[in-house]
Amino acid sequence: INLNPEFRGKGLSKELLSGCMGSLFSSTTLPKHLIATIRESNLPSIKLFESLNFKPIENIDGVSKYRYQ
């Protein structure tokens, strides 16, 4: 999720991501897991995804993958 800098830090990314997840998982025909790829230097994104119960599963060359299930 990439926001215009003037809109960052206002909780918009969390609201957007959690809303999309709610819509996605309300369907019974879609997969029930998500993978996020995040640079390990991007602490705001890591905090966002961890706050929504994404768990780290892999880190290669400074890029981490997080899984939600």
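1. Contact here means heavy atoms within 4.5 Å. On that basis Ser 64 touches Ala 36, Thr 37, Ile 38, Glu 40, Glu 58 and Asn 59, leaving out residues up to four places away in sequence. Please keep in mind that this is a predicted model.

2. Ser 64 sits in strand β3, which covers residues 63–68. Is Ser 64 buried or exposed? Its relative accessibility is 7%, so Ser 64 counts as buried; the cut-off for buried is under 20%. The Ser 64 side chain also has a polar partner: the side chain of Asn 59, at 2.7 Å. Asn 59 is also one of the residues that Ser 64 touches.

3. Now the overall layout. The protein chain contains two helices and three strands. Read from the N terminus, their order is α-β-α-β-β. Along the principal axes, the C-alpha atoms fill a box of roughly 35 × 30 × 15 Å. The chain has 69 residues, and 20% of them are buried. Among contacts with a separation of 6 or more, 45% join residues 24 or more positions apart.

4. Which residues make up the largest nonpolar core? There are ten: Leu 17, Met 21, Ala 36, Ile 38, Ile 46, Leu 48, Phe 49, Leu 52, Phe 54 and Tyr 66. The most come from α2, which gives three residues. Two members of this core, Ala 36 and Ile 38, are also touched by Ser 64.

5. Tyr 66 belongs to that core. Setting aside neighbours within four places in sequence, Tyr 66 is in contact with Leu 34, Ile 35, Ala 36, Ile 38, Ile 46, Glu 50, Phe 54, Lys 55, Pro 56 and Ile 57. Core members among them include Ala 36, Ile 38, Ile 46 and Phe 54.

6. The largest pocket holds about 380 Å³ of space. Its lining has 15 residues; Arg 8, Gly 9, Ser 13, Pro 44 and Ser 45 lie nearest the centre. Helices α1 (12–25) and α2 (43–51) are the elements that give two or more residues to this lining. By class, the lining has six nonpolar, six polar and three charged residues.

7. Ser 13 links the pocket to the core. This residue is in helix α1 and is among those nearest the pocket centre. Ser 13 counts as buried because its relative accessibility is 17%, against a cut-off of under 20%. Beyond four places in sequence, Ser 13 touches Ile 1, Leu 3 and Leu 48. Of these, Leu 48 is a member of the largest nonpolar core.

Technical notes:
Residues are numbered from 1 along each chain as its sequence is written. This is a predicted model: local features need pLDDT of at least 70, side-chain atom pairs count only at pLDDT 80 or more; totals for chains, interfaces and linings use all residues. Side-chain values use heavy atoms; hydrogens and water are left out. On a 1 Å grid over the protein atoms alone, a cavity is a set of points where a 1.4 Å probe fits but cannot get out, and a pocket is an open set with protein on both sides within 12 Å along at least five of seven lines; lining residues have an atom within 4 Å of a point. Grid points are joined across faces, edges and corners, and a volume is the space filled by probe spheres set on the points. Helices (H or I, at least four residues) and strands (E, at least two) are DSSP runs, numbered from the N terminus. Ala, Val, Leu, Ile, Met, Phe, Trp, Tyr, Cys and Pro count as nonpolar, Asp, Glu, Lys and Arg as charged, and the others, Gly among them, as polar. Buried means under 20% relative accessible area, exposed over 50%, partly exposed in between (1.4 Å probe, protein chains only). A polar contact is a pair of N or O atoms within 3.5 Å; within protein, one must be able to donate a hydrogen and the other to accept it, and residues adjacent in sequence count only if both atoms are side-chain atoms. A nonpolar core is a set of buried Ala, Val, Leu, Ile, Met, Phe, Trp, Tyr and Cys residues joined through side-chain atoms within 4.5 Å.
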